[in-house]
Amino acid sequence: MTATALTDTPSGVAEINSLGFAKPPAQTRVVVAMSGGVDSSVVAAKLKAEGYDVIGVTLQLYDHGAALAKKGACCAGQDIHDARRVAERMGFPHYVLDYENKFRESVIDEFADAYLAGATPVPCIRCNERVKFRDLLNTARDLDADCMATGHYIQRKTGTKAELHMAADPVRDQSYFLFSTTQEQLDFLRFPLGHLPSKAETRALAAEYGLIVADKPDSQDICFVPNGDYASVIEKLRPGAADPGEIVDMEGRVLGQHRGVIHYTIGQRRGLGIGGLGDPLYVVRLEPDSRRVVVGPKAALATTTVNVTEVNWLGDQLFDGEIACSVRIRSTRPPKPAILRSLPGNRAEVELLDPEEGVSPGQACVFYETGGTRVLGGGWISLRRRPAA
């Protein structure tokens, strides 16, 4: 992203700078959400180098004292230190805000309760929705910022209004995690890395600016879940959550015992402890009230109809009736063709033209324009689902 010099045009109208404002970069204040990783650090450094009035803000989201020894997290301990060092090198102010209570109330508690209800939540989406793009964005406005920039790999383009699009690099694309961004938030947000063809270019920029995070590893786990061990976190937050129960087939026949529903997810095959029964069996349903894990053949995972709640719509036309689109039901899967039907109460029904396996309650279902990159919106997959015929 190259800063546009502000000069008088023949019409007397100032040129638009690289962030979309008709004034010089030095008069454009940008709050950059800095996690301490290479992506947000490059955003802050690049905008500062282009002459913008940059303010870096890092959120302390959980007890960093307990996380100091954990590599690959964000917003704690060493990461706060790294963000501060980047700000010092590039010469812009940096603030750390204590959001631990907000983060627990808005993200961690729901994560624990969703797992106990048999869902597979995506807390990173809730963090963006309820903390970074709500509370932090309001702080940016309080600081008289013109916009807030983040290191997310997603593109913001301007059509009849601001639009969300997939990142240029499909490997780094984070559009699945940002579907709940509202139009009002999108008008204020900027994503300077979304157009880059690869992460290698981001690291090259970090090295060019002499940032200490140039070779820092990417975050791998959910920040408050050490080593990806979800169950241990749930047990700590909700004592007694790992009560044992029965593993049953789809007819209700008991096949074995399990060590707690929270240890299982829809589509899981390994680690069930019921080998030697013939064809492979997969987790097809979780029944936390009866503490049962229901297993069945792979074919039982196939789903053609998905019910979605809390729909956030970003398309141009009113979300009403039926439209053709593409949908992504997991972050690791490509968008697939579907029919989207609006339902009362901010809900939708998604008809998949080709069955998908492992559709899990608590995951997001994100809508894209057919054959394109634009994010039309999305919602949360509910407990009700219709198996493929």
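Predicted model: local features only at pLDDT ≥ 70, side-chain atom pairs only at ≥ 80, totals over all residues.
# Rings, strands and one histidine

Tryptophan 313 and phenylalanine 319 are both buried.

**Aromatic pairs**

- How many aromatic pairs are there? The count comes to 9.
- In one of them, the ring centres of phenylalanine 111 and tyrosine 115 are 5.3 Å apart and the ring planes stand at 65 degrees, so this pair is edge-to-face: the angle is over 60 degrees.
- Helix H4 (residues 100-116) holds both phenylalanine 111 and tyrosine 115, and they are 4 residues apart, which is about one turn of the helix.
- Phenylalanine 111 and tyrosine 115 are both buried.
- For tryptophan 313 and phenylalanine 319, the ring centres are 4.7 Å apart and the planes are at 20 degrees, so the pair counts as stacked: the angle is under 30 degrees.

**Charges over rings**

- Lysine 102 places its charged end over the ring of tyrosine 99, at 4.7 Å from the ring centre.
- Arginine 141 lies over the face of phenylalanine 188, and here the distance to the ring centre is 4.2 Å.

- Where is histidine 165? You will find histidine 165 in strand E6 (residues 162-166).
- Is histidine 165 buried or exposed? Its relative accessible area is 7%, so histidine 165 counts as buried, the cut-off being under 20%.
- The side chains of histidine 165 and glutamate 163 make a polar contact at 2.8 Å.
- A polar atom in the side chain of histidine 165 also lies 3.5 Å from the backbone nitrogen of arginine 374.
- Leaving aside residues up to four places away in sequence, histidine 165 touches Ile154, Gln155, Lys157, Glu369, Thr373, Arg374 and Val375.

**An open sheet with a helix across it**

- In what order do the 5 strands of the open sheet come? The order is E3-E2-E1-E4-E7, with parallel pairing.
- At the edges are strand E3 (94-98) and strand E7 (189-190), each of which pairs on one side only.
- Strand E1 (residues 29-33) and strand E4 (residues 147-149) run parallel and are joined by 3 bridges.
- Valine 31 has methionine 148, in E4, as its bridge partner.
- Helix H5 (residues 123-142) lies across E1, strand E2 (53-60), E3, E4 and E7, and runs at about 135 degrees to E4.

**Strand E16**

- Why is strand E16 (residues 364-368) described as largely enclosed by the rest of the structure? This is because 5 of its 5 residues are buried.
- Ala364, Val366 and Tyr368 point one way from E16, while Cys365 and Phe367 point the other way, and all are buried.
- Strand E13 (residues 322-328) pairs with E16 in the antiparallel sense, over 3 bridges.
- Opposite tyrosine 368 in E16 stands serine 326.

**Arginine 270**

- Arginine 270 belongs to the loop between strand E9 (254-258) and strand E10 (282-287).
- With a relative accessible area of 70%, arginine 270 is exposed, because exposed means over 50%.
- Arginine 270 and valine 308 are 38 residues apart along the chain, and 28 Å separates their C-alpha atoms.

Definitions and conventions:
Residues numbered from 1 in each chain as written. Heavy atoms only, no water. Phe/Tyr/Trp six-rings, centres within 6.5 Å; stacked < 30°, edge-to-face > 60°. Helix = DSSP H or I, 4+ residues; strand = E, 2+ residues; numbered from the N terminus. Buried < 20%, exposed > 50% of the residue type's maximum accessible area, 1.4 Å probe, protein only. Lys NZ or Arg CZ within 6 Å of the ring centre and 35° of its normal. Polar contact = N/O pair within 3.5 Å; in protein donor to acceptor, adjacent residues only side chain to side chain. Contact = heavy atoms within 4.5 Å. Pairing = 2+ DSSP bridges. Axes fitted to C-alpha atoms, helices over the stretch in contact; angles between N-to-C directions.
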